[in-house]
Amino acid sequence: MTDTNFTDVQQTARPAGFFSTSTGKVVLVAIVAVVLLAAVGVAAYMFLIGTLAPSSSTGGSPQVTVTSTVTSGTAGSASAPAEPPLSETFILRNVFAPTVKPSIVAAPTGGGSSVTVPTNTLYLVSTQLTPTKTATFIWNNVTYVVAEGGQVGTSPWKVLTISEGSVLMLYGDSQVTLTSGQSVGK
């Protein structure tokens with residue numbers, strides 16, 4: 001075995017820490033400045049909120065006084081209006097139910113071809129299977145003849161399939177089947 005002289009072994013110098021370099025000192029000063037600015041901002045915010053909040057002489061929460069005037073000849077006490085029940089305020093919707101439901105519009109009587117259709121309501125007048133499959137619609141008082149895969153004017157309605165007397169329509173992701181003389185509104 002060899003004898004090692006510990007005095008001959010040089011110790012390696014450890015690298016200086018990051019914060020002892022000039023870049024580290026700049027970063028440290030920046031971090032301290034950001035923390036101080038945040039503390040001053042929070043203190044200023046709390047001071048402003050404290051001065052803007054209504055004060056109460058009793059130290060508790062502020063009291064609200066409701067006054068009302070009675071315009072009729074009867075005397076009454078001031079009371080707050082009743083709040084509507086939550087069932088009227090928040091209506092839960094079944095996400096699986098279609099958002100568009102067909103409604104029936106009366107077909108023209110007496111052989112007339114004129115049908116009055118409300119705005120934003122799609123009305124299926126008729127279908128034709130030969131020589132090409134087309135369907136005749138009324139949308140916003142304009143008549144459109146549309147083939148399968150076509151859009152009904154500038155409406156959001158798209159024709160998927162046409163069969164005798166009915167049409168399968170697409171509105172967004174909802175599919176609706178219309179029969180001749182039937183309309184659907186949003």
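**Entry 1: strand pairing**

In which sense do β6 and β7 pair, and over how many bridges? I looked it up: β6 and β7 pair in the antiparallel sense, over six bridges. Two strands count as paired if DSSP finds at least two bridges between them. Strands (E, at least two residues) and helices (H or I, at least four) are DSSP runs, numbered from the N terminus.

This is a predicted model, so I note the limits: local features need pLDDT of at least 70, side-chain atom pairs count only at pLDDT 80 or more, and totals for chains, interfaces and linings use all residues. Residues are numbered from 1 along each chain as its sequence is written, and side-chain values use heavy atoms, with hydrogens and water left out.

**Entry 2: the whole chain**

I listed the elements next. The chain has two helices and eight strands. From the N terminus on, they run α-α-β-β-β-β-β-β-β-β. Of the 186 residues, 17% are buried. Buried means under 20% relative accessible area, exposed means over 50%, and partly exposed is in between (1.4 Å probe, protein chains only).

**Entry 3: the open sheet**

I traced an open sheet of three strands. Its order is β5-β6-β7, with antiparallel pairing. β5 and β7 stand at the edges, each with a single partner strand, so one side of each has no neighbour in the sheet. The twist averages 25° from one strand to the next. For that angle, axes are lines fitted to C-alpha atoms (for helices, over the stretch in contact), and angles run from 0 to 180 degrees between N-to-C directions.

I then checked the pairs. β5 and β6 also pair in the antiparallel sense, over six bridges. Ser163 stands opposite Ser166 in β6. The hairpin of β5 and β6 has two residues between the strands, and Gly165 takes a positive phi near 85° there. β6 and β7 form a hairpin too, with two residues between them. Gly172 in that turn has a positive phi of about 65°. Tyr171 has Ser174 in β7 as its bridge partner, and Met169 stands opposite Val176 in β7.

**Entry 4: the core**

Which residues have the most contacts inside the largest nonpolar core? I found Leu122, Phe137, Val152, Trp157, Val159, Val167 and Met169, in a core of 16 residues. β2 (121–128), β3 (134–139), β5 (157–163), β6 (166–171) and β7 (174–179) each supply at least two residues of this core. A nonpolar core is a set of buried Ala, Val, Leu, Ile, Met, Phe, Trp, Tyr and Cys residues joined through side-chain atoms within 4.5 Å.

Not counting residues up to four places away in sequence, Met169 touches several residues, including Leu122, Phe137, Val152, Trp157 and Leu178. Contact means heavy atoms within 4.5 Å.

I searched the whole structure for aromatic pairs and found one. Trp157 and Tyr171 form a tilted pair, 4.7 Å centre to centre, with 45° between the planes. Trp157 lies in β5 and Tyr171 in β6, so the pair ties together parts 14 residues apart in sequence. Rings of Phe, Tyr and Trp (its six-membered ring) pair if their centres lie within 6.5 Å; planes under 30 degrees apart count as stacked, over 60 as edge-to-face and the rest as tilted. Both Trp157 and Tyr171 are buried.

**Entry 5: Lys133**

Last, I looked at a loop residue. Lys133 lies between β2 and β3. At 39% relative accessibility, Lys133 counts as partly exposed. Its contacts beyond four places in sequence are Gln128, Val146, Ala147, Glu148 and Ile162. Lys133 and Thr161 are 28 residues apart in sequence and 8.7 Å apart in space, C-alpha to C-alpha.
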